[in-house]
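Please consult the sequence and the model while reading.

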Amino acid sequence: MKTIRHILLIGLLFISIAIHTKAQDCDAPSSRSELSVNAVRAGLVQGGSLWWNGNDARFAVPKNSNPQFDVHSFFAGGIWIGGFDPGGNVKIAASTYGYSQGNSDYYAGPVNTNGSTDGFTCALWDRFFHCTQADIDLHKINLQKAAAGNLNYTKDLIPDKIKSWPANGNPYFEEMNHFALPTDNSSFTEFFDANENGIYEPLQGDYPVVYTGCNVPVIADEMVYWVFNDVGNIHTESRGDVIGLEIHATAFAFKGSGAIDSSQFYKYRMVNKSGEKFQSARFGLWVDPDLGCYTDDYIGCDTSRALMYSYNEDELDGPTCPGGVNSFGEEIPVVGVDILGVQHSSQGTYVRPMDYFTYYDNSSVGNPVPGTLDPQTPAEHFRLMGGGGRYLINHRGDSIQFAFPDPPNCDDLNDCYNMCNYDPGPRDRRTVQSTGAFDMEIGDEVSVYFATVFAGNMKYPCPNLDRFFSADDQIQGAYDNCFDGLSSDSKPDLISRNFNIYPNPISNGQILNIEGMNQADEIIITDLQGRLVFKALSKQSEKIQVDLKDKEFQPGIYFLQIRRNQNLLETRKLVFID
């Protein structure tokens with residue numbers, strides 16, 4: 001575990017916090033989850049935190065088959081949002097290390113139409129909702145079969161994750177989650193609305209999706225959703241005044257190859273429910289980048305790509321790291337976070353809009369300069385986002401908006417401002433990149449999209465980042481092109497290949513024969529709830545024999561899927577009998 005130095009003066013805290021009249025009695029959120037569908041294993045925290053569990057790092061790429069041996073690239077991340085009310089007062093919510101101490105500026109759940117919430121509502125929504133491409137593909141196939149008259153598709157056959165999805169008007173939500181959706185709030189998760197009536201009706205053809213800037217429904221291999229707010233209680237991290245935001249977060253990822261398989265995508269949709277205009281607002285990403293060992297990392301940015309990155313100071317990470325964390329050794333990557341785009345409900349879409357990039361130091365590592373340490377006041381947080389006209393000074397004494405904007409292998413001391421040329425010594429740095437400024441009228445929504453980027457085994461020291469930038473261009477290109485070819489909605493028709501599957505019904509101990517397969521096709525059997533019960537790869541072409549004698553299937557209905565190169569080719573109902 002990395003030691004966190006976080007000074008909290010309880011008396012000063014409660015004197016300095018202006019308690020907003022709409023603050024309620026919510027506890028800090030505590031729910032955790034994980035997105036690990038491709039080469040990345042990332043921890044998710046309800047509220048505004050990312051990539052840790054409150055004590056240890058939880059962002060590994062490439063992930064290890066045993067999480068115990070994961071080497072992590074980020075220690076933690078967090079969402080910062082700041083701006084002004086109509087009177088010119090700073091309003092801010094931020095997330096750093098408060099989760100480890102029960103402090104928070106963010107609380108789980110939605111906000112009522114009057115701009116408030118309560119502890120009971122926050123507790124109910126202290127959770128995550130998951131849905132996978134496999135769930136949706138099965139649902140779509142069943143809808144097609146029902147339309148053709150080949151299946152009596154009832155609610156009992158709908159995958160549980162589709163029935164549990166918190167979409168407006170979902171008739172199964174309360175049954176699945178044991179509490180009701182609010183009736184005065186329709187701005188929950190996004191879904192494909194087959195009849196465009198605004199009501200989530202799975203049996204009418206609706207299912208979960210992510211909508212990005214081009215309004216094309218995206219179905220990732222896995223999507224994770226959670227909703228939170230900043231009005232549930234006082235802000236015990238930034239000490240800032242409550243803003244009045246409801247925030248809908250979606251993390252999603254795709255299995256595949258190359259940069260996409262090593263990346264995760266995030267969408268944060270903010271809704272202004274404060275009852276007043278939120279002005280000159282900025283959205284910030286706070287990142288504590290620990291690339292294996294945490295005392296030998298450099299940082300930089302590429303302003304044209306809206307990209308921050310972290311790289312090692314030399315050709316060896318470790319081999320022994322402080323705190324016993326795992327190291328990359330001699331095979332050290334470069335990792336980063338790219339702001340892909342911003343959508344405003346009334347002002348349009350911005351492209352690659354990083355407006356500011358800075359950093360500050362952990363006071364317990366090295367000898368950092370006073371004034372470069374953890375922010376202690378709302379104004380200090382906001383200045384780190386570029387608010388209030390705060391600019392950095394570079395090696396020539398010029399005022400700049402972006403820290404270390406030149407690539408590591410640029411060695412001209414006059415023209416290149418990077419950490420390879422200007423190393424202040426051992427540090428543990430935390431970065432803040434922001435986008436803005438934008439105004440939010442009452443009811444306005446702003447969505448910010450960002451992604452993690454990875455390139456492995458770079459040549460150190462002071463690496464050439466061309467391969468890393470190429471990976472980032474692939475990530476940005478996927479976003480710009482509506483994830484065409486990655487989403488299951490853009491893949492070939494799901495029904496029908498000439499497979500012969502027998503015997504069906506089948507008894508335990510029999511051999512299942514499948515004709516028409518290719519070598520390395522994937523065979524998956526799930527139960528009615530979508531739970532995996534059998535999985536195998538075919539070892540030959542044409543006729544495949546699957547020996548089920550060691551498997552104990554309870555009598556009943558199952559679904560058999562055949563996948564080829566990540567694409568679903570066929571789904572069949574498989575009946576097991578005594």
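Two strands pair if DSSP finds at least two bridges between them; helices (H or I, at least four residues) and strands (E, at least two) are DSSP runs, numbered from the N terminus. This is a predicted model, in which local features need pLDDT of at least 70 and side-chain atom pairs count only at pLDDT 80 or more, while totals for chains, interfaces and linings use all residues. Residues are numbered from 1 along each chain as its sequence is written, and side-chain values use heavy atoms, with hydrogens and water left out.

Q: Which residue in β24 stands opposite Gly 284?
A: Strands β16 and β24 run antiparallel and are joined by 8 bridges. Across this pairing, the residue of β24 that faces Gly 284 is Ser 434.

Q: What is the bridge partner of Ala 76 in β16?
A: Strand β5, residues 76-84, pairs with β16 in the antiparallel sense over 8 bridges. In β16, Ala 76 has as its bridge partner Asp 288.

Q: How many of the 11 residues of β16 are buried?
A: Buried means under 20% relative accessible area, exposed over 50%, and partly exposed in between (1.4 Å probe, protein chains only). Strand β16 is mostly covered, and its buried residues number 9.

Q: In what order do the strands of the open sheet with β26, β28 and β31 lie?
A: The pairing in this sheet of 3 strands is antiparallel. Its edge strands, each pairing on one side only, are β26 (500-502) and β31 (542-547). The order is β26-β28-β31.

Q: Which residue of β28 is the bridge partner of Tyr 502?
A: Strand β28 covers residues 511-517 and runs antiparallel to β26, to which 3 bridges join it. The partner of Tyr 502 in β28 is Asn 513.

Q: How many disulfides does a search of the whole structure find?
A: A disulfide is a pair of cysteine sulfur atoms within 2.5 Å. One of those found joins Cys 293 to Cys 321, and another is formed by Cys 410 and Cys 416. The search of the whole structure gives a count of 4.

Q: Why does the disulfide of Cys 293 and Cys 321 tie together separate parts of the sequence, and how many residues apart are they?
A: The S to S distance of this pair is 1.9 Å, and both Cys 293 and Cys 321 are buried. Cys 293 lies in the loop between β16 (278-288) and β17 (297-302), whereas Cys 321 lies in the loop between β18 (307-312) and β19 (334-344). Because the two cysteines sit in these two loops, the parts they tie together are apart in sequence by 28 residues.

Q: Is the disulfide of Cys 420 and Cys 462 left-handed or right-handed?
A: The sulfur atoms of Cys 420 and Cys 462 are 2.3 Å apart. Cys 420 is in the loop between β23 (399-400) and β24 (429-440), and Cys 462 is in the loop between β25 (445-455) and α8 (466-480), 42 residues apart. The torsion about the S-S bond is about -120 degrees, so the disulfide is left-handed.

Q: Is Cys 416 buried or exposed?
A: Cys 416 forms a disulfide with Cys 410, with the sulfur atoms 1.7 Å apart. Cys 410 has 23% relative accessibility, so it counts as partly exposed. Cys 416 has a relative accessible area of 3%, and therefore counts as buried.

Q: Which element gives the largest share of the lining of the largest pocket?
A: On a 1 Å grid over the protein atoms alone, a cavity is a set of points where a 1.4 Å probe fits but cannot get out, and a pocket is an open set with protein on both sides within 12 Å along at least five of seven lines; lining residues have an atom within 4 Å of a point. The largest pocket is lined by 23 residues, and those nearest its centre include Ala 134 and Lys 255. Two or more lining residues come from each of α3 (133-147), β29 (522-526), β30 (532-537) and β32 (556-564). The largest share, 4 residues, comes from α3.
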